[in-house]
Amino acid sequence: MKKELKTNVMRILEKEKVPYEAHYYPHGKEAVDGVTVAELTGQNPDYVFKTLVTVSNKKEYFVFVLPVAKELDLKKAAKAVGAKSIEMIHVKDINKITGYIRGGCSPVGMKKQFITTYHETAQTNPVIMVSGGKIGTQVECKPDDLLKITKGQYADICKE
């Protein structure tokens, strides 16, 4: 197997001395859904988290990290960050806002450090996986380590 190149996410984790394990999965050019990523990496979907970016009514951006099989509750999410209302950003704007592409968006290493909220179940997991910054790459870390380097918080942000 060819040696995988380090992503920016991996470089940041190393610089911050955050232990991580890289996982790779086969892919085409398009993003695959998170549950499929969990299957392809042989992981429990409760430990594989997706990164979603939203914008508030005041044009502030917020990042939410939640289990791949769950759905973001926009009302709970807005409350968690103190916004009146939020909505998902348009797919075409992901790269411009975060520096990442759809399917490769990580809470680590965005162009700007946005307020980042992790679903509360992350704190009860020994490790979680998030995107490694490109399609086909995931990084596994302790949730508190991710929380620390993204200056994040935990909250109930998912639909029941």
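Author: Before anything else, a word on terms: helices and strands here are DSSP runs, a strand having at least two residues, and they are numbered from the N terminus. Please also keep in mind that this is a predicted model.

Reader: Fine. Which strand holds Ser56, then?
Author: Ser56 belongs to strand S2, which covers residues 49–56.

Reader: Is Ser56 buried or exposed?
Author: Ser56 has a relative accessibility of 3%, and because anything under 20% is classed as buried, Ser56 counts as buried.

Reader: And what does Ser56 touch, leaving aside its neighbours within four places in sequence?
Author: With those neighbours set aside, Ser56 is in contact with Phe62, Ala83, Ser85 and Ile86.

Reader: How many bridges join S2 to S3?
Author: There are seven bridges between S2 and S3, and the two strands run antiparallel; within that pairing, Phe49 has Pro67 of S3 as its bridge partner. The hairpin of S2 and S3 has four residues between the strands, and in that hairpin Lys59 takes a positive phi near 65°.

Reader: What about the pairing of S3 with S5?
Author: Strand S3 (residues 61–67) and strand S5 (residues 115–119) run parallel and are joined by four bridges. Phe62 has Ile115 of S5 as its bridge partner, while Val63 stands opposite Thr116 in S5.

Reader: Why is S3 described as largely enclosed?
Author: Six of the seven residues of S3 are buried, so the strand is largely enclosed by the rest of the structure.

Reader: Switching topic: what volume does the largest pocket have?
Author: The volume of the largest pocket is about 510 Å³. Its lining has 24 residues, and the closest of them to the pocket centre are Lys50, Thr51, Leu52, Arg102 and Gly103.

Reader: Which element supplies the largest share of that lining?
Author: That is S2, with five residues of the lining of the largest pocket. Helix H2 (34–40), S2 and strand S6 (128–131) each supply at least two lining residues.

Reader: One more residue: where is Gln138?
Author: Gln138 sits in strand S7 (residues 137–141) and is buried, its relative accessible area being 5%. Leaving aside neighbours within four places in sequence, its contacts include Glu21, His23, Tyr25, Val48 and Met129. Gln138 and Val48 are 90 residues apart along the chain, and their C-alpha atoms are separated by 8.9 Å.

Definitions and conventions
Residues are numbered from 1 along each chain as its sequence is written. This is a predicted model: local features need pLDDT of at least 70, side-chain atom pairs count only at pLDDT 80 or more; totals for chains, interfaces and linings use all residues. Side-chain values use heavy atoms; hydrogens and water are left out. Buried means under 20% relative accessible area, exposed over 50%, partly exposed in between (1.4 Å probe, protein chains only). Contact means heavy atoms within 4.5 Å. Two strands pair if DSSP finds at least two bridges between them. On a 1 Å grid over the protein atoms alone, a cavity is a set of points where a 1.4 Å probe fits but cannot get out, and a pocket is an open set with protein on both sides within 12 Å along at least five of seven lines; lining residues have an atom within 4 Å of a point. Grid points are joined across faces, edges and corners, and a volume is the space filled by probe spheres set on the points.
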